[in-house]
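Thanks for coming, everyone. Please look at the screen, and I will walk you through it.

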Amino acid sequence: MLCSLRILLIFIEHLLHKECKLYEVIPSTPEQITLLELLEDECEVDVWNNSRKSKEPLDVMVPAVFQNEFEKKLTNLQLCYRIIVPDVQAIVNEEKYKNDKAPSIIEGKISFEKYYRYAEIQEYLTYLSVEYPKLAYLTHYGVSYENRNLSAIHITTGGDEPKPIIFIDAGIHAREWIAPAQALYILHELIENKNNKHMIEKVDWVIVPLANPDGYEYSHKTDRFWRKTRSKVGRSCKGVDPNRNFDFHWREHGASKKLQSPTYCGPCPFSEPETRSLSNLIKSYRTQIKLYISIHSCKQSILYPFGFTRTLPYNGDELHRLAKLVEEAIYKVNGNHYRIGNSPGSSGSSRDWAYGAVGIPLSYTLELPGGGTRGFDLPPDEILGVVKEIFAGIKMFFNYVQLKYCY
Ligand SMILES: *[C@@H]1O[C@H](CO)[C@@H](O)[C@H](O)[C@H]1NC(C)=O
Ligand SMILES: *[C@@H]1O[C@H](CO)[C@@H](O)[C@H](O)[C@H]1NC(C)=O
Ligand SMILES: [Zn+2]
């Protein structure tokens, strides 16, 4: 019985990516982009890019069953394309092989050469709170659809007055594995590295390393490119894009109404326990949080509001200037440039909600670099390079908050 179940699971896994190809499609007019977006809704193709501009290539993952139809439609629409990864699963397998070989966290000794699983991350968070009780405490701010703990670490050195808070979350999108790794690195540096003591004296931090644990585990166990939550939607679909599910200009632009789409916005705002709980946690600190950062990958950019309009918000200049300072700090580490700007075409994001509905004055999406299949599967031996350069940016964010909000 168990054995046949295993065979069935292997078979399903095999179907999932074995025959997925990655296409590069180059739309030459805005109309062609619209047509491509219609295709995205009709067929089960997955356009990996958030931002869609004509004359710039888009990466589209297409399962075997749709490949003929997809190519035919592209040809009819006179869209240029080429296949850039003929076997996505081969690359996924290589990543998995490397990741499985890397050592786990032993007695709190964390290395940044591996993507850890939910249980390992929970263990590390517990370790931090037990080992450094004067600096950090662990809370569970809710449970996921599949009953996993939604956990946050609060870093505070105490004192009588409430301090400004920097709030960071990661892993809202399941497949963006580098994001939780980045959050763990920030936790490690702030709590375990005495050289960063000054960063926790006048500012408190609340860090959520894994905001969508169900999706994350599913992306480890079954479907490497799973993006959404794992709730049941409709009769046979699963998951809502949590970063289109926040209650601010919900469902307006760049969010799909189709249940099977990777950017499905959900039946209503905050339909997901993961987004609802996260929003309650953020709201509970609404007057203290001065800076909100949501960590994603793989667009290598620093993005500020809004996602529903191209119009810049009231402090757009400040948001841009700070993003530039952060970009320069990151660039100095390894010479990598990050794009800066707003991100039209992503309404219902946590970043826009934190800014527009809660009133947090500084709100960003940090998109880390990609790798592997030109995407989310950055090889584990490249984690450390990324998390270190981003930490230089986090230091710059901190400097700004301290200067502006600490007296
Ligand atoms: C889409 O992503 C690919 C791979 O990361 C990149 O080369 C391309 O420029 C992106 N296109 C747009 C429009 O951002
Ligand atoms: C959630 O946290 C509680 C309290 O720490 C613990 O007893 C429980 O095992 C955790 N559940 C999971 C699924 O990790
Ligand atoms: Zn993302």
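Let's start at ligand 2. A polar side-chain atom of H140 sits 3.3 Å from one of the oxygen atoms of ligand 2. That is a polar contact, meaning a pair of N or O atoms within 3.5 Å; within protein, one must be able to donate a hydrogen and the other to accept it, and residues adjacent in sequence count only if both atoms are side-chain atoms.

Before I go on, the ground rules. This is a predicted model, where local features need pLDDT of at least 70 and side-chain atom pairs count only at pLDDT 80 or more, while totals for chains, interfaces and linings use all residues. Residues are numbered from 1 along each chain as its sequence is written, chains are lettered from A and ligands numbered from 1 in the order in which they are written, and side-chain values use heavy atoms, with hydrogens and water left out.

Back to ligand 2. Which residues surround it? They are Y118, H140, N147 and N149. Near here means a heavy atom within 4 Å. The side chain of Y118 puts an N or O atom 2.9 Å from a ligand 2 oxygen. For the side chain of N149, the distance to a ligand 2 oxygen is 2.3 Å. On its own, ligand 2 has 360 Å² of accessible area, and the protein covers 35% of that. Areas are by the Shrake-Rupley method with a 1.4 Å probe; for residues, only the protein chains shown count as cover. By class, this shell has one nonpolar residue, three polar and no charged. Nonpolar is Ala, Val, Leu, Ile, Met, Phe, Trp, Tyr, Cys and Pro; charged is Asp, Glu, Lys and Arg; the others, Gly among them, are polar.

Now ligand 1. Eight residues surround it, and the closest are N49, S51, E56, P57 and D59. A backbone N or O atom of P57 is 2.7 Å from a ligand 1 nitrogen. Alone, ligand 1 exposes 360 Å², and the protein buries 70% of it. The shell around ligand 1 has four charged residues, two polar and two nonpolar.

Next, a helix. Y118 belongs to the buried residues of α5, and so do E120, I121, Q122, Y124, L125, L128 and S129. Buried means under 20% relative accessible area, exposed over 50%, partly exposed in between, with a 1.4 Å probe and protein chains only. Helices (H or I, at least four residues) and strands (E, at least two) are DSSP runs, numbered from the N terminus. The cover over those α5 residues includes β5 (136–143), β6 (149–155), α6 (178–192) and α7 (213–221).

Where is Y285? It lies in the loop between α8 (273–284) and β11 (289–304). Y285 counts as buried because its relative accessibility is 16%. Beyond four places in sequence, Y285 contacts Y137, H154, I165 and V206; contact means heavy atoms within 4.5 Å. Y285 and F167 are 118 residues apart in sequence, yet their C-alpha atoms are 9.3 Å apart.

Last one: S363, in strand β13 (residues 362–369). Is S363 buried or exposed? It counts as buried, because its relative accessibility is 0%. The S363 side chain reaches the backbone oxygen of R351 at 2.9 Å. Leaving out residues up to four places away, S363 touches several others, including Y292, L303, L319 and Y355.
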